[in-house]
Amino acid sequence: MTLLAFSRIGYRTATAYRGSYLLTFATLLLQIFLMKAVWTGVYAQREEVGGVTLDTMIAYATLAAVQYRLLNPMPSSPIPQRVREGKVAVDLLRPVGFLSQMLAAQVGIALAALPAIAIALPFALLVGGAQAPSSAWSIVGYSIALLLGMLVNQLLYLILALVAFWTLETTGIDMMYRFAAQFLSGALVPLWFMPGTIKALAELLPFQATSYTPVAIYLDEIQGAAITRALGVQLMWILVLSGLAALVWSRAKRRIVLQGG
């Protein structure tokens, strides 16, 4: 099987549950509506806060919410279920590496949200707000940053899912991770509004590369040479997380017990 085949399997598995599409649609619009109401109250008739206009902030909240729904599906990885069902042995017999199989499947699961996002996007922009990019370079930079951010995000989920080889069940860990990742990635509050210590922590961790970086580039909050640096940080995290995933997998393989003759 090719990696594309694993992506297709992940896509079909995620789209098998049609009800989740409606839930994604509804929760996305509700989140955007609530975030718009919160930020409108925060600004309280002021034109700018910290040099950022209300329109820009609402556009950030809208785009960040749409991105988050695309990059963070439920479930995020097939690994925990395959570990519980004992199907890892079959995966190990395939000519494609286990991590490559699972990463391809995760990408397919994430892409399964695209149809729902495409349907919800016009309504999301209506409920929230939009801001046109200042130039074609903003679109190019945003597109590259979004792809790199997606890969960073999938590597993080891959590492998290490998914990199943020790715990079997990862639901609680996944919930805690999502809470921390959503905040530290800037999906709820942009990094420019975070207090010093928390902002420094967010900039130190890889989460900001998944959400804040693409949206900030699109809205010109990251410009010029800073875009190159931001993309470089994303690439750095891809390399670091790839190495960490390989290290965790080398330990996880020792937990596998095969029976039969």
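Leu30 sits in helix H2, which covers residues 19-43; helices here are DSSP runs of H or I with at least four residues, numbered from the N terminus. Together with Phe33 and Leu34, Leu30 makes a nonpolar surface patch of about 300 Å². A patch takes residues with over 30% relative accessible area and no salt bridge, joining nonpolar side chains (Val, Leu, Ile, Met, Phe, Trp, Tyr) within 5 Å and like charges within 9 Å. The areas come from the Shrake-Rupley method with a 1.4 Å probe, and for residues only the protein chains shown count as cover.

Please keep in mind that this is a predicted model, where local features need pLDDT of at least 70, side-chain atom pairs count only at pLDDT 80 or more, and totals for chains, interfaces and linings use all residues. Residues are numbered from 1 along each chain as its sequence is written, and side-chain values use heavy atoms, leaving out hydrogens and water.

How confident is the predictor? On pLDDT, its confidence in each residue from 0 to 100, the chain averages 85, and 91% of the residues score at least 70. Among the elements, helix H1 (residues 3-15) has the lowest mean, 65, while helix H13 (residues 225-252) has the highest, 95. Where pLDDT is low, the predicted coordinates should not be read in detail.

Now, the spaces. On a 1 Å grid over the protein atoms alone, a pocket is an open set of points with protein on both sides within 12 Å along at least five of seven lines; a cavity is a set where a 1.4 Å probe fits but cannot get out; lining residues have an atom within 4 Å of a point. The second largest pocket has a volume of about 300 Å³, and 18 residues line it, with Leu63, Val66, Ile117, Leu121 and Tyr142 nearest its centre. Helices H3 (54-71), H7 (114-127) and H8 (136-162) each give two or more residues to that lining, and H3 gives the largest share, six. By class, this pocket's lining has 14 nonpolar, four polar and no charged residues.

There is one cavity of 30 Å³ or more, and the largest cavity has a volume of about 70 Å³. Its lining includes Gln67, Tyr68 and Asn153. What classes make up that lining? Three residues are nonpolar, seven polar and none charged.

Finally, the whole structure has three salt bridges, each a side-chain nitrogen of Lys or Arg within 4 Å of a carboxyl oxygen of Asp or Glu. One joins Glu169 and Arg84 at 3.6 Å, N to O, linking parts of the chain 85 residues apart.

Definitions and conventions. Points joined across faces, edges and corners; volume = space filled by probe spheres on them. Nonpolar A, V, L, I, M, F, W, Y, C, P; charged D, E, K, R; others polar. pLDDT = per-residue confidence, 0-100.
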